[in-house]
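Thanks for making time this morning. I would like to walk you through one model, going from helix packing to charged pairs and then to aromatic rings.

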Amino acid sequence: MEYILITIILFISILIYFKIADKYNIIDKPNHRSAHTQITLRGGGIIFPVAFIIFGLFNPGLVIEEYWSFGLGLLAICTISFIDDVKTLSNKIRLAVHLISVILLLYFTGAFTLTPFWVWPILFVIIIGTLNAYNFMDGINGMTGVYSLATLSSLAYINRDIIKFTDNDFIYYPILACIVFLFFNFRKKAKCFAGDVGSMGIGFWVIGLITLLIMKTGEYKYILLLSIYGMEVVLTIIERLLLKENIFEAHRRHLYQLFANEKKVSHLVISGIYAILQLVINIFLIYSQLPLWTIILIIFIPAGGIYLGLKWNLKKEYNL
């Protein structure tokens, strides 16, 4: 019953936001790089920080004792991202807030006490890189929500049946937020887009959960719960570097963009395939007892080969 109530509150919250976004013209206008063709409300991903606020209202003791630093980091990165959605900010301001948020995240997960100091810069780079990967991959209807749902569901299963590393509600609330967001986004003509506030918000939450799990188990294999996103972003960056392009400028070279823009494959089909592939990897990852490097090779050799083959054929077909 509690989760039905939470879902209703989240629905009401996002509908209220739609009214505000419509009034203040918070919209996403399509351009030559877009995978959509119509004006759509931006910032629907505000549902994710709202989900944490509701989590705090229903679990005040937990937040005060354990989750306050995570909450501060999440709200900070979501606030600066929402402002950036409405009015473009300088990279220095965004990076400063991102760094503060990551510090709070690492404090929350116990990384500063559970890992040697020389590991900290590596964690900073990985987390900020993964956050940006979440942002890069948020380009078509359904992608952010469905992919996050696949990973969050895997984390919920691990927490319930493999090893408990956090409170169940701390995973269930973002799952409910994803479902509510997808009701408006997983459509041929989306009612809203996540915006930076959404991709950064849910990315921060998922990364926080994965980091908690790694710190609890000492098994770094769980970073592969985001392996499809990681592979896509890394290979695309390498491609752009080889082409001597500015990797900080927006582009349409991701495989999912080529399928959506050139091949005209349904956004919902592409998003679903990405999520299913990640879910299959997650099942293998959860039950595998193989060494980490063996797991990495088993995942990335076939996945990387398929990715490169598909991209090569698409670029050849459309002279890209």
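Predicted model: local features only at pLDDT ≥ 70, side-chain atom pairs only at ≥ 80, totals over all residues.

**Helix packing, charges and rings**

Let me begin with two helices, α10 and α12, which pack at an angle of about 120° with their axes 9 Å apart; the axes here are lines fitted to C-alpha atoms, for helices over the stretch in contact, and angles run from 0 to 180 degrees between N-to-C directions. By class, this contact of α10 with α12 has 5 nonpolar, 2 polar and 1 charged residues, where Ala, Val, Leu, Ile, Met, Phe, Trp, Tyr, Cys and Pro count as nonpolar, Asp, Glu, Lys and Arg as charged, and the others, Gly among them, as polar. On the α10 side the residues are S227, I228, Y229 and E232, and they meet Y274, L277, Q278 and I281 in α12, a contact being heavy atoms within 4.5 Å.

Residues are numbered from 1 along each chain as its sequence is written, and side-chain values use heavy atoms, with hydrogens and water left out.

Helices in this talk are DSSP runs of H or I with at least four residues, numbered from the N terminus. Helix α10 covers residues 227-242, 16 residues in all, and reaches 22 Å from its first C-alpha to its last, close to the 22 Å expected at 1.5 Å a residue; that expected span is 1.5 Å times one less than the number of residues. Just after α10, K244 takes a positive phi of about 60°.

Which residues of α10 are buried? They are S227, I228, Y229, M231, E232, V233, T236, E239 and R240, with buried meaning under 20% relative accessible area, exposed over 50% and partly exposed in between, for a 1.4 Å probe and protein chains only. What covers these buried residues of α10 includes α6 (120-136), α7 (143-162), α11 (255-261), α12 (267-287) and α13 (292-317).

That brings me to the charges. A search of the whole structure finds 10 salt bridges, each a side-chain nitrogen of Lys or Arg within 4 Å of a carboxyl oxygen of Asp or Glu. One of them joins K311 and E239, with the closest N and O atoms 2.8 Å apart; K311 lies in helix α13 and E239 in helix α10, so this pair ties together parts that are 72 residues apart in sequence. K311 counts as buried because its relative accessibility is 4%, and E239 is buried as well, with a relative accessible area of 11%. E239 also forms a salt bridge with K315, where the closest N and O atoms are 2.6 Å apart, and this pair again links distant parts of the chain, K315 in helix α13 and E239 in helix α10, 76 residues apart.

A further salt bridge runs between E245 and R253, the closest N and O atoms being 2.8 Å apart. E245 is partly exposed at 24% relative accessibility, and R253 is partly exposed with a relative accessible area of 22%. Salt bridges that share partners join E239, R240, E245, R253, K311 and K315 into one network.

Now to the rings. How many aromatic pairs are there? The count comes to 27, under a rule by which rings of Phe, Tyr and Trp (its six-membered ring) pair if their centres lie within 6.5 Å, with planes under 30 degrees apart counting as stacked, over 60 as edge-to-face and the rest as tilted. The rings of F52 and F55 have their centres 5.8 Å apart and their planes at 40°, so that pair is tilted. F52 and F55 are separated by about one helical turn, because they are 3 residues apart in helix α2 (residues 47-58), and both are buried.

F55 also forms an edge-to-face pair with Y173, at 5.3 Å centre to centre and 80° between the planes; here F55 in helix α2 and Y173 in helix α8 are 118 residues apart, so to speak a link between distant parts of the chain. Both F55 and Y173 are buried. Ring pairs link F52, F55, Y67, F70, F108, F170, Y173, F204 and W205 into a cluster.
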